[in-house]
Amino acid sequence: MADELGKSEKPAAPGAEKLGDFAHRVSQLLIDRLAAHSARGDGKLTARDIQAVVNAYTYDQDATLRGLCDSAWSGLQQQFEESFYSRMRKFPLERLIVARFVHLLPDRDKDPIPGRTLSRRVIPAFIQALHQMVGPELFDEYEDRAREMIEALRAREGGSLDWETLHERPVAQVLVNDILIYITRYFLDVAKRRSWMVSFFERTMPSAKSEAEKAWHFGDMEFHKLMSALYKELAETLFDVEGRQRLEQRYDAGSLSQLEQMLAGLAQDQKRVLNNR
């Protein structure tokens with residue numbers, strides 16, 4: 001029976017069901033090992049016998065267990081990759097934009113630290129605010145462009161495509177910069193937009209579940225942390241000679257003037273916020 005368990009495969013089940021199936025098969029294999037040990041003796045198992053079986057029931061020593069683990073791990077990796085690719089295909093533009101400030105977010109299932117990190121709850125609020133500023137038609141257009149970019153890269157690079165650094169690709173940077181430069185028109189009055197975003201985020205963010213989350217708020221400084229991260233790359237490019245030339249080749253003078261005005265306004269408003277703390 002043990003060998004049959006090692007060879008036979010049940011249809012892959014999603015998520016927790018797949019883990020439950022794996023746990024059942026591992027448990028059944030241990031029962032088989034104990035039964036086999038018992039059959040070699042008088043049908044009884046002492047505490048020492050059980051401990052001996054358990055000690056030998058490890059990934060390194062039990063080939064059948066090793067096969068089960070390797071198969072399950074391979075299946076979980078494949079499922080994760082397929083799920084990840086599916087999410088990327090569905091909302092790639094949002095993910096590329098969020099990548100600009102992801103370093104400010106705590107790890108998943110970790111609480112934010114007031115004054116140091118943002119809560120992951122800002123993501124859905126930010127996406128909703130972005131949709132309102134960009135508008136559905138233009139956002140859908142750029143979402144389609146992002147999907148086409150990813151499919152083209154996957155077709156060319158396949159499994160070697162590095163999803164963690166995808167946002168660093170020049171074509172991805174251009175897509176995100178297009179959106180960020182477009183919405184600068186809404187931040188020419190920084191104080192007014194800051195007040196709007198603080199209020200909007202507090203109303204729109206998902207409810208806090210932990211005490212640490214309840215103690216964290218999206219306020220004026222959190223707004224500036226977010227905006228500084230979003231525009232850091234563009235600001236550095238704008239004030240670099242070669243980078244400025246690349247921007248001038250893609251964007252008109254009015255758009256770049258608005259970008260400069262917004263960046264200056266952000267710096268001035270941040271000083272005012274700090275002085276009023």
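His37 is partly exposed, its relative accessible area being 25%, and this residue of a predicted model sits in helix α2, which covers residues 15–39. Once its neighbours within four places in sequence are set aside, His37 is in contact with Leu45, Asp49 and Val53.

## The chain as a whole

The secondary structure of the protein chain comes to 13 helices and zero strands, so that reading along the sequence gives the pattern α-α-α-α-α-α-α-α-α-α-α-α-α. The chain has 277 residues, of which 38% count as buried. When contacts between residues at least 6 apart in sequence are considered, 70% of them join residues at least 24 apart.

## Two further residues

Leu130 belongs to helix α6, residues 122–134, and with a relative accessibility of 0% it counts as buried, because the cut-off for that class is under 20% relative accessible area. Apart from residues up to four places away in sequence, Leu130 touches Ile97, Phe139, Ile179 and Ile183.

Ser228, by contrast, counts as partly exposed at 39% relative accessibility, and its place is in helix α11. Ser228 and Leu266 are 38 residues apart in sequence, with 8.3 Å between their C-alpha atoms.

| Pair | Separation in sequence | C-alpha separation |
|---|---|---|
| Ser228 and Leu266 | 38 residues | 8.3 Å |

## Helix α11 and its packing

Two packed helices are described by the angle between their axes and the distance between the axes. Helix α11, residues 220–238, and helix α12, residues 241–250, have axes that come within 6 Å and cross at roughly 105°, which makes α11 roughly perpendicular to α12. On the α11 side the contact is made by Leu234, Thr237 and Leu238, and on the α12 side by Gly243, Arg244, Arg246 and Leu247. Sorted by class, this contact of α11 with α12 has three nonpolar, two polar and two charged residues.

Helix α11 also packs with helix α9, residues 190–204, at an angle of about 105° and with the axes 10 Å apart. The helices α9 and α11 are therefore roughly perpendicular to each other. Here α9 contributes Val190, Arg194, Met197, Val198 and Phe201, whereas α11 contributes Asp220, Phe223, His224 and Leu226. By class, the contact of α9 with α11 has six nonpolar, one polar and two charged residues.

## The second largest pocket

Rolling a probe the size of a water molecule over the atoms shows where empty space is left. In this model the second largest pocket holds about 250 Å³ of space. Its lining is made up of Arg108, Asp109, Lys110, Asp111, Ser119, Arg120, Arg121, Ile123, Pro124, Pro206 and Glu213. What classes do the residues of this lining divide into? Seven are charged, three are nonpolar and one is polar.

Methods:
Residues numbered from 1 in each chain as written. Predicted model: local features only at pLDDT ≥ 70, side-chain atom pairs only at ≥ 80, totals over all residues. Heavy atoms only, no water. Axes fitted to C-alpha atoms, helices over the stretch in contact; angles between N-to-C directions. Helix = DSSP H or I, 4+ residues; strand = E, 2+ residues; numbered from the N terminus. Parallel < 35°, antiparallel > 145°, perpendicular 65-115°, else oblique. Contact = heavy atoms within 4.5 Å. Nonpolar A, V, L, I, M, F, W, Y, C, P; charged D, E, K, R; others polar. Buried < 20%, exposed > 50% of the residue type's maximum accessible area, 1.4 Å probe, protein only. 1 Å grid on protein atoms, 1.4 Å probe; cavity = no way out; pocket = protein on both sides within 12 Å on 5 of 7 lines; lining within 4 Å. Points joined across faces, edges and corners; volume = space filled by probe spheres on them.
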